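I opened the notebook with the sequence beside the structure, and I wanted to write down what I looked up, entry by entry.

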Amino acid sequence: MTELVLLNKPYGVICQFSEHEKHPTLKSCMPLPGVYPAGRLDTDSEGLLLLTGDGKLQQRIADPRFKLPKTYWVQVEGQIREEQLEALRQGVDLGDFTTRPAQVRRIEAPELWPRTPPVRFRKTVPDAWLEIIISEGKNRQVRRMTAKVGLPTLRLVRVAIGPWHIEDLKPGEWRKLAVALEDLPQVQHAKGISTTGKSGQARHSTPRKPFLLRKKS
């Protein structure tokens with residue numbers, strides 16, 4: 001078994017540990033030494049980021065050949081039409097590459113933490129939420145996909161990678177899991193003892209179930 005860290009990366013945090021002149025880095029919320037991101041998440045995107053000090057596990061998660069699904073909740077600008085959803089499902093030609101078919105569905109606005117700074121709204125333009133699941137991870141791919149079909153992204157939150165879910169982690173909080181490399185990608189829920197961080201206090205628990213979409217009251 002090896003350790004995997006699940007972090008809820010806040011908006012505006014750049015996905016690196018070395019100092020940056022404009023943005024806070026992962027050091028601002030991740031005090032653990034010797035771990036590195038398995039994949040990336042854009043500075044203006046939020047949500048689940050996986051980190052590990054195990055090179056084999058890092059490669060196994062990040063390597064696109066293994067096609068670990070990544071689940072995003074995406075707030076888009078505009079009125080969603082069925083043909084736009086179908087275009088995303090079929091694959092979108094972005095010029096430099098065509099995306100693989102995605103799983104896409106409309107969802108009601110999820111109950112999420114407030115974003116800082118908040119999303120700018122235009123009263124005359126409607127907005128809506130999508131759940132998009134892709135098995136790729138090219139630069140700004142989801143934003144480019146939604147823009148291509150006429151639905152610019154306002155907010156992008158990654159909620160799951162493969163069997164791992166963000167659950168109830170707040171921005172800047174993290175959780176450790178013990179996982180077995182041979183379980184991937186067949187494992188349904190990550191195994192082992194979990195430890196939640198930020199306060200520095202550890203707690204033991206059984207593996208957590210995926211969180212459910214909750215409607216705003």
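Entry on strand S1. I looked up how strand S1 (2-9) sits in this predicted model, and I noted that seven of its eight residues are buried, so S1 is largely enclosed by the rest of the structure. Buried here means under 20% relative accessible area, while exposed means over 50% and partly exposed lies in between, with a 1.4 Å probe and protein chains only. Strands are DSSP runs of E with at least two residues, helices are runs of H or I with at least four, and both are numbered from the N terminus.

Entry on conventions. I kept in mind that residues are numbered from 1 along each chain as its sequence is written, and that side-chain values use heavy atoms, with hydrogens and water left out. In this predicted model, local features need pLDDT of at least 70 and side-chain atom pairs count only at pLDDT 80 or more, whereas totals for chains, interfaces and linings use all residues.

Entry on pairing. Two strands pair if DSSP finds at least two bridges between them. I found that S1 pairs with S9 in the antiparallel sense over six bridges, where Leu-4 has Leu-177 as its bridge partner in S9. S1 also pairs with S3 in the antiparallel sense, over five bridges, and there Lys-9 stands opposite Gly-47.

Entry on the cores. Which residues have the most contacts inside the largest nonpolar core? I listed Leu-4, Leu-6, Leu-48, Leu-50, Ile-61 and Trp-164, in a core of 22 residues (a set of buried Ala, Val, Leu, Ile, Met, Phe, Trp, Tyr and Cys residues joined through side-chain atoms within 4.5 Å). S1, S3 (46-52), helix H1 (55-62), S7 (153-161) and S9 (174-179) each supply at least two of its residues, and the largest share, three residues, comes from S7. Apart from this core lies another, of 19 residues, among them Tyr-72, Val-74, Ala-102 and Met-145.

Entry on Glu-131. I found Glu-131 in strand S6 (residues 127-134), and Glu-131 is buried, with a relative accessible area of 14%. Its contacts (heavy atoms within 4.5 Å) include Thr-71, Gln-103 and Ile-107, not counting residues up to four places away in sequence. A polar contact of 3.3 Å joins the side chains of Glu-131 and Trp-73; the term covers a pair of N or O atoms within 3.5 Å, where within protein one must be able to donate a hydrogen and the other to accept it, and residues adjacent in sequence count only if both atoms are side-chain atoms.
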